[in-house]
Amino acid sequence: MAEKKAGTTKSAAAQDAPNATFQSRLERHHDELRWLYMELYDNGDMFAELCGQMKRFFDERPAALKRLDAEREAEGAWYRRRTMLGMQMYVDNFAGTLAGVEEKLPYLKKCNVNYLHLMPFLDTPADKSRSDGGYAVSDFRRVKPSLGTMDDLAHLAEKCHERGISLCMDFVMNHTSDEHEWARRARAGEGEYMSRYFFTADQALIDQYTHDVPQVFPTTAPGHFTYLPELGQSVMTQFYPYQWDLNYRNPRVFNEMMYNFLFLANQGMDIIRIDAVPYIWKQLGTNCRNLPQVHTIVRMMRMIGEIVCPGIVLLGEVVMAPVEVVPYFGTVEKPECHMLYNVTTMATTWNTVATRDTRLLRGQLEAVCGLPREYTFLNYLRCHDDIGWGLDYATLSNWGMEEVPHKAYLNEYFQGHVPGSVSRGELYNADPVTGDARFCATTASMCGIEAAGFEGNAEAMDVAIRKDVMLHAYMFSQSGLPIIYSGDEIGQVNDYTYKDDPEKAEDSRYIHRGRFPWELTANIRKRKTTVQGRLFGALSRLEAIRREEPAFDADADAEVVDYSDPSILWIRRRMDGRVLDAVFNFCDERRTLWMPEEGEYLDLVSGEAAEFQTFELESWDFRWYLH
């Protein structure tokens, strides 16, 4: 009898342990979370419901994910390891389905990838011209049927975790598809669901909003509202007419979207990318960008995650000027996003390629180096989206470069219309009135690999591959998490076949979203004779060095060296007495460079050590010197 009683006591203690864990996390954040929630909504009943649902999602969280949470909580900032390397891809283009991605995990491990960003895979309208590449979500708890099921997603996450790979997904908070259940019921006139969006029949209000708020896509999707004749009202659609903006003034919207967030986290997602963060809160009389309430929502989301699923990471997509990006980290005491995209540095990098002038890039990198080390950026050369020229034009104007003509030059350069340019690509969202436009192409095509291959020019191909590798080495030299777009590891070039598909033809971004050329991966083994082998081998070598060398650690001191030649970018990293000089030549000519002093330096790439003070650097080449 005593044994039975002891067993019962032990069982009860085992059940109480998870509850104690949840309660401890809730107590840590409860007061601030409640204060912020009540500040926005002043609704105690809805806050109580939120807390109850957090407990439910915690209880439903799989045991394996709870163990991962505990490991990551103990480690802290696991996403900042220098061993981290990301890859971004569309499921269908890469492997057809989620099950197909699972089959390709051995290839991803060969690529040294341990962070996998799957582009939007939730259900969207069947008509691709109304899906915005997956960002018009019609059901947050259903995978697009052509890609698989939610069970397939959870199974893929499980297999990724077994291989040490973390999964990232897009969480589109700002809007839903007009085919979402809420939108369908709102269109039917149900007031409860109409209140989850912004409906109005007041033309004066629409006119004021149009006056105060910049348009997102003034050429391809002008205006901010879409008229619905069946209701005699207009609904807010800041992005596209088929994407209805959610009304976060309604606490039901916030709660339900947080439940969707927790549901997806419980499928095994490790990184949740919050799409279009600055647009979430709308306030008449403002420009509806980066409002204080947005930061309140992201801060609450951070705390909700830390209570239910503390192993996950929030990645903010904030495509704004640097001064508007950094606040989304929050503060060290009250953090918001764990990571942010390094958007301005990416755009400034390609500006540097086109101008052969590193001065603007130096200033950008110096600003990043001056931020608290806890602030972690996701660094990339290109992504699924276009490249917008959001540069520091105030500084450029001091050097005689005015915004409109400079943007025009960049777009002409990267289309290959400027003498000396080897880039190939196309404009996106070009505005014939203002002359403004964005640019689309793969990294390989921007570096000249497409042009050299078309011309059969071996010498030009050597330079193009060298430029491609140099830009990746530069990205690896920055503090933060580097991410490669699928296909860049083998030099995938532009895919012009999108023009033959009526559902894609109007969106030039599909030029760099082509199907992954699996037939070319056979060339990886030929590391000296094929484009794919040369690139894959070079990047693999750089990735291995970055994993092993402490100077690449996130906590290393980083600075930009003020070198006299504006075509030279020089980054210096220090860690535990080790000094790494990462030097990059952004021009078409060879350069003779001077080290700070004569001494013995180890070339991390070649593995050779030598004593010298000057060295030669080929055009578009780099060195990683350790001393």
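Tyr115 stands opposite Ser166 in strand 5. Strand 5 (residues 166-171) runs parallel to strand 2, and three bridges join them. Two strands count as paired if DSSP finds at least two bridges between them. Helices (H or I, at least four residues) and strands (E, at least two) are DSSP runs, numbered from the N terminus. This is a predicted model: local features need pLDDT of at least 70, side-chain atom pairs count only at pLDDT 80 or more, and totals for chains, interfaces and linings use all residues. Residues are numbered from 1 along each chain as its sequence is written, and side-chain values use heavy atoms, with hydrogens and water left out.

Strand 2 (residues 115-118) also pairs with strand 1. Four bridges join these two strands, again in parallel. Met89 stands opposite Leu118 here. In a regular strand the side chains alternate between the two faces of the sheet. Strand 2 has Tyr115 and His117 pointing one way, and Leu116 and Leu118 the other way. Are these residues buried or exposed? All are buried, meaning under 20% relative accessible area; exposed means over 50%, and partly exposed lies in between (1.4 Å probe, protein chains only).

## Nonpolar cores

The largest nonpolar core has 117 residues. Such a core is a set of buried Ala, Val, Leu, Ile, Met, Phe, Trp, Tyr and Cys residues joined through side-chain atoms within 4.5 Å. Met54, Leu118, Tyr248, Phe254 and Phe261 have the most contacts inside it. Helix 11 (residues 251-265) gives the largest share of this core, ten residues. A second, separate core of 73 residues includes Met84, Leu360, Tyr380 and Tyr413.

Leu118 touches Met89, Val91, Leu98, Val101, Leu156, Leu167, Cys168, Met169 and Asp170, not counting residues up to four places away in sequence. Contact means heavy atoms within 4.5 Å.

Three strands form an open sheet in the order 7-9-8, with antiparallel pairing. Strand 7 (199-200) and strand 8 (225-228) are the edge strands, each pairing on one side only. Two bridges join strand 7 to strand 9 (residues 233-236). Phe199 stands opposite Val235 in strand 9. Helix 10 (residues 203-212) packs on the sheet and touches strand 7, strand 8 and strand 9. The direction of helix 10 makes about 155 degrees with that of strand 8. Axes are lines fitted to C-alpha atoms, for helices over the stretch in contact, and angles run from 0 to 180 degrees between N-to-C directions.

An open sheet of six strands has the order 18-19-20-23-21-22, also antiparallel. Its edge strands are strand 18 (557-560) and strand 22 (609-617). Neighbouring strands of this sheet are turned by 20 degrees against each other on average, direction ignored. Five bridges join strand 20 (residues 578-585) to strand 23 (residues 622-626). Phe584 has Phe622 as its bridge partner in strand 23.

## Pocket and cavities

The second largest pocket holds about 450 Å³ of space. On a 1 Å grid over the protein atoms alone, a pocket is an open set of points with protein on both sides within 12 Å along at least five of seven lines, while a cavity is a set where a 1.4 Å probe fits but cannot get out; lining residues have an atom within 4 Å of a point. Grid points are joined across faces, edges and corners, and a volume is the space filled by probe spheres set on the points. The lining of this pocket has 21 residues; Ala77, Tyr79, Arg302, Glu306 and His338 lie nearest its centre. Helix 3 (63-75) and helix 12 (292-308) each supply at least two residues of that lining.

By this rule there are eight cavities of 30 Å³ or more. The largest cavity has a volume of about 100 Å³. It is lined by 13 residues, of which Asn93, Tyr485, Ser486, Gln492 and Gly514 lie nearest its centre.

## Positive phi in loops

Ala77 has a positive phi of about 45 degrees although it is not a glycine. Its place is the loop between helix 3 and strand 1 (86-89). Ala77 counts as partly exposed, at 36% relative accessibility.

Asn429 is not a glycine either, yet has a positive phi of about 55 degrees. This residue is found in the loop between strand 15 (426-428) and strand 16 (438-440). Asn429 is buried, with a relative accessible area of 12%.
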